[in-house]
Amino acid sequence: MTNELDIFVGNTTLIDEDVYRLWLDGYSVNDAVALRVRSGILEQTGATAAVLQSDTMDHYRTFHMLERLLHAPPKLLHQLIFQIPPSRQALLIERYYAFDEAFVREVLGKKLSKGTKKDLDDISTKTGITLKSCRRQFDNFKRVFKVVEEMRGSLVDNIQQHFLLSDRLARDYAAIVFFANNRFETGKKKLQYLSFGDFAFCAELMIQNWTLGAVGEAPTDPDSQVDDMDVDLDKEFLQDLKELKVLVADKDLLDLHKSLVCTALRGKLGVFSEMEANFKNLSRGLVNVAAKLTHNKDVRDLFVDLVEKFVEPCRSDHWPLNDVRLFLNQYSASVHSLDGFRHQGLWDRYMGTLRGCLLRLYHD
């Protein structure tokens with residue numbers, strides 16, 4: 001009798017997603033093996049502990065060799081050593097650059113420097129994320145920042161082009177780069193209730209409306225140093241915001257603004273009497289935040305100021321979120337009816353973004 005044996009030879013690199021996750025999470029080979037045993041894989045496959053150890057080590061060696069390519073994802077696509085299907089390449093890249101919410105909240109807005117990297121031991125202890133994973137995530141943030149910080153054009157597009165990330169992850173990295181560049185304070189105790197998603201939402205609004213790239217003010221001089229269009233705030237815009245101070249410095253304008261808002265919202269707000277009593281303080285807070293943004297320290301403290309000047313006073317009076325929304329909409333719109341005010345476009349550019357941020361920051 002003739003025995004026939006079919007043999008298939010291939011060189012496709014096998015990627016075990018579970019082992020990849022363990023490697024990304026910073027586990028050693030022995031710890032990864034122990035976790036795999038605990039998952040019941042030996043019973044499921046009939047493999048021995050020795051085979052599992054060898055399999056895990058083999059995967060880890062592959063991931064270590066792939067890591068240098070993952071630092072510059074387009075290289076992974078064009079290399080010929082590892083035969084990896086496109087869908088698998090995308091998975092490797094996306095998961096390598098994914099990050100933990102708890103970790104990013106600890107470093108968001110800080111300078112991506114050696115000084116911050118020295119704090120990773122403490123962050124690892126505080127968050128329960130392995131030190132190796134903290135280092136990978138920090139190095140990814142720093143790598144993306146260095147590549148795109150001085151590029152012209154859309155920050156999100158530049159990140160996608162150079163790191164091949166999904167749209168959502170690229171937007172998250174754009175927020176991280178934007179916060180690191182402008183050094184926004186996010187670590188104060190009164191800001192701890194805010195998630196990374198809250199800050200990322202605000203970053204996207206500011207990038208769209210408060211940067212040079214937001215208004216298409218690209219330099220005509222090819223030798224201009226103003227390259228990082230979406231990364232830096234528009235300094236001329238920030239300087240112009242001082243003009244808004246007339247809204248609270250001019251008593252007649254302030255009284256008229258209050259009258260317009262109160263007339264429009266009477267009978268519509270559950271907290272109408274509290275709003276009417278606190279209108280001038282709230283308005284001064286919002287306008288003074290704008291007027292101070294010419295100073296770097298005040299830019300850094302933007303979120304602290306918004307919480308102190310608006311969120312906390314409204315929260316202490318138990319404003320429902322919908323009342324906050326109605327107030328901000330009317331507060332912004334009523335300025336267009338102030339005949340003595342000449343900075344409507346500037347006001348809309350400022351309050352359009354601020355309104356969105358405040359609604360996101362307000363958790364009733």
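Q: A salt bridge is a side-chain nitrogen of Lys or Arg within 4 Å of a carboxyl oxygen of Asp or Glu. By this rule, how many salt bridges are there?
A: Side chains of opposite charge can pair when their charged atoms come close. Here the count comes to 19 salt bridges. This is a predicted model, in which local features need pLDDT of at least 70 and side-chain atom pairs count only at pLDDT 80 or more, while totals for chains, interfaces and linings use all residues. Residues are numbered from 1 along each chain as its sequence is written, and side-chain values use heavy atoms, with hydrogens and water left out.

Q: Which residue forms a salt bridge with Glu17, and which parts of the chain does the pair link?
A: The partner is Arg95, with the closest N and O atoms 3.1 Å apart.

Q: How many helices and strands does the protein have, and how spread out is it?
A: The secondary structure comes to 21 helices and 0 strands. The radius of gyration (over C-alpha atoms) is 26 Å, well over the 21 Å from the globule rule (2.2 Å times the number of residues to the power 0.38) for 364 residues, so the protein is more spread out than a compact globule. Along the principal axes, its C-alpha atoms fill a box of roughly 105 × 50 × 45 Å.

Q: What area is buried between domain 2 and domain 3?
A: The buried area (accessible area, 1.4 Å probe, that two parts lose on being put together, summed over both) is about 1,800 Å², 68% of it from carbon and sulfur atoms. Lys190, Tyr193 and Trp210 supply 34% of the area that domain 2 buries against domain 3, more than any other three residues.

Q: How many salt bridges cross this interface?
A: The rule finds 3 salt bridges between domain 2 and domain 3. Lys190 also meets Glu312 in a salt bridge, at 3.8 Å from N to O.

Note on methods. Helix = DSSP H or I, 4+ residues; strand = E, 2+ residues; numbered from the N terminus.
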